[in-house]
Amino acid sequence: MNELKSVNYSGPFGEESDICAMLTIDDVTSPFVFHNITQVNEEYTFSFYVRSDSIGSIIVAGESIYVTPEWTKHVITFVANSTDISMFFDITGTYYIYNPQLEIGSHATDWRPAVEDVDTKILAAISISEEGIRSEVSKTY
């Protein structure tokens, strides 16, 4: 049975431990499906880093991606023909996906956590000095 877990794992930028999706694929006849995340006939760009324990291929939104034990970034632009996105794997094994991002349109932007996925603290400080009133706003993730 195919399984998806969130794990701490060494990411592509040399981080000692970061959160990644770990997909354990035991059945290549059954795709991994993200349900109800797109609108039919809308253009999307899906970007992510991926690595696996062995060499193989993944088909995402009709595009074949070569996967190796090294982290590689992939950017796929497609027009959705359903509300789901399927990932088909050609060999069994363990796959790691880092910083997946699905965006409307044809351009991938730099990854950043969604506001609803992190604890965000917004700190505002107002100080009065001889130069006048100064306001600073900073975000911490």
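T45 stands opposite E103 in strand β9. The model shown in every view is predicted.

**View 1. Strand β4 against strand β9.** Strand β4 covers residues 43-52. Eight bridges join β4 to β9, and the two run antiparallel. Strands of a sheet pair through backbone hydrogen bonds, either parallel or antiparallel.

**View 2. Residue N99 in strand β9.** N99 has its place in strand β9. Is N99 buried or exposed? Its relative accessible area is 15%, so N99 counts as buried, the cut-off being under 20%. Beyond its neighbours within four places in sequence, N99 is in contact with S47, F48 and W111.

**View 3. Strand β2 against strand β9.** Strand β9 spans residues 93-104. Five bridges pair β9 with β2 in the antiparallel sense. In this pairing, L23 stands opposite Y95 of β9.

**View 4. Strand β1 against strand β2.** Strand β1 takes in residues 3-9, and strand β2 residues 18-25. Seven bridges connect β1 and β2, again antiparallel. Y9 stands opposite D18 in β2.

**View 5. The whole sheet.** In what order do the five strands lie? The order is β1-β2-β9-β4-β7, in an open sheet with antiparallel pairing. β1 and β7 (72-79) stand at the edges. Each has a single partner strand, so one side of each is left without a neighbour in the sheet. On average, neighbouring strands of this sheet are turned by 35° against each other, direction ignored.

Terms used:
Residues are numbered from 1 along each chain as its sequence is written. This is a predicted model: local features need pLDDT of at least 70, side-chain atom pairs count only at pLDDT 80 or more; totals for chains, interfaces and linings use all residues. Side-chain values use heavy atoms; hydrogens and water are left out. Two strands pair if DSSP finds at least two bridges between them. Helices (H or I, at least four residues) and strands (E, at least two) are DSSP runs, numbered from the N terminus. Axes are lines fitted to C-alpha atoms, for helices over the stretch in contact, and angles run from 0 to 180 degrees between N-to-C directions. Buried means under 20% relative accessible area, exposed over 50%, partly exposed in between (1.4 Å probe, protein chains only). Contact means heavy atoms within 4.5 Å.
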